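Please read the following report beside the sequence and the coordinates.

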Amino acid sequence: MVKVLEPGATIGILGAGQLGKMMAQSAQKMGYHVAMYDEGENSCGYAVADRHVVGSYSDHDKVLAFGQSVDVLTYEFENIDGPLLEKIEAQTYLPQGTKLLLNSQHRVMEKQWLNTIGAQTVAYYPINEASDFETAINEIGLPAVLKTSRFGYDGKGQVVIHSEADLEAEKATIDRIISGPAILEVFMPFAYEASVMVSRDLYGDIEILPASINRHRNGILYAGIVGGEIPQEIYKQIQSTAIAIAREGELIGVCGVEFFITSDGRALVNEIAPRPHNSGHYSIEALNASQYDEHILALTGHHLIAPRLYEPALMINILGQHIPYVQKAQKAFPEAIFHIYGKDEPKRQRKMGHFTLTDLNYTSLLDILDNHPLIQQWEQLF
């Protein structure tokens with residue numbers, strides 16, 4: 001029997017960053033209370049939490065006690081100790097589960113699992129010890145991307161090796177990465193990048209939000225635009241892959257799936273994120289139900305809502321170095337909705353917020369993305 005949580009129940013969130021904050025805002029409008037657990041003393045999510053606990057994720061007893069104090073538990077990021085979550089899953093109510101998380105925490109395991117369910121990825125070679133690196137180079141060839149197997153995000157823990165000259169020029173970074181488990185991937189000259197948010201509820205129903213075409217700079221998502229035409233054959237691949245991930249991964253809630261779209265029409269999975277995702281922020285303004293709404297509905301035992309795009313949308317990230325220009329952007333785009341997360345220190349490359357523009361005319365948004373002087377300046381700051 002499906003466990004349905006009614007308004008007044010408490011949702012516990014492991015993590016109190018911007019994703020946890022937006023989860024909480026969605027939960028509270030549905031009448032739920034929200035508790036957060038995080039290591040930070042001043043994490044931005046606390047501003048909207050009914051209560052919060054500050055503690056280390058290595059304090060298993062404290063994390064477990066938090067999980068047992070709420071009606072349902074969820075997490076906002078992947079880098080939580082997998083065995084701890086398995087223990088929590090056995091002793092608390094964690095419908096989000098651990099299967100997708102445990103696979104997504106390790107890049108080699110992630111790709112191996114994706115391949116077993118029929119999802120295409122770039123070619124790769126596992127590096128278990130430093131001596132494997134030369135073999136990996138011989139197998140994969142150059143150019144290639146070297147990544148740590150764990151704990152890399154937003155371009156951290158990776159380096160692009162374009163030619164043999166880079167083997168010497170990037171030696172210090174390479175040595176640091178291969179000092180632990182790593183992965184060498186073929187450098188894929190893709191046509192563009194895309195992502196979807198796929199959601200699945202406790203009844204087994206699956207919904208997929210409209211695809212976002214994404215642009216990254218220095219490994220960080222810079223912009224996502226939604227509402228344009230993706231060729232039907234490519235979208236079929238995206239859709240079938242996302243559905244397979246949701247079903248085989250026993251997803252409950254939302255999962256972000258990032259793709260490389262190649263010039264010959266293949267949709268290759270780059271990575272998965274088993275929780276709400278930066279590229280799905282546009283859904284707050286542009287859809288009848290945001291990625292956060294779908295996540296909360298799934299966790300609380302309610303049916304998902306079939307997504308409907310009101311109009312095309314453009315989402316731009318705000319990093320620490322953009323903060324001095326936010327007022328200028330607000331004046332340039334008075335119709336945009338700005339989300340400022342409320343983090344205490346605007347460090348360079350740190351995600352501090354985002355803003356979203358919507359327009360009935362997709363080409364108008366594309367023109368802003370490609371040609372507006374302020375957006376060009378914004379991109380150069382990444």
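The sections below describe these topics in turn.

## Basis of the values

This is a predicted model, in which local features need pLDDT of at least 70 and side-chain atom pairs count only at pLDDT 80 or more, while totals for chains, interfaces and linings use all residues. Residues are numbered from 1 along each chain as its sequence is written, and side-chain values use heavy atoms, with hydrogens and water left out.

## Cysteines

A search of the whole structure finds 0 disulfides, a disulfide being a pair of cysteine sulfur atoms within 2.5 Å. Cys-44 is buried at 6% relative accessibility, and Cys-255 is buried at 0% (buried is under 20% relative accessible area, exposed over 50%, partly exposed in between, with a 1.4 Å probe and protein chains only).

## Helices H1 and H11

Helix H1 (residues 18-29) packs against helix H11 (residues 291-299) at an angle of about 65 degrees, the axes being 9 Å apart; helices (H or I, at least four residues) and strands (E, at least two) are DSSP runs numbered from the N terminus, and axes are lines fitted to C-alpha atoms, for helices over the stretch in contact, with angles from 0 to 180 degrees between N-to-C directions.

The contact (heavy atoms within 4.5 Å) involves residues of H1 including Met-22 and Met-23, and residues of H11 including Tyr-292 and Ile-296.

## Gly-157

Gly-157 lies in the loop between strand E6 (144-148) and strand E7 (158-161) and is partly exposed, at 30% relative accessibility. Leaving aside neighbours within four places in sequence, Gly-157 is in contact with Leu-146, Lys-147, Thr-148 and Ile-177.
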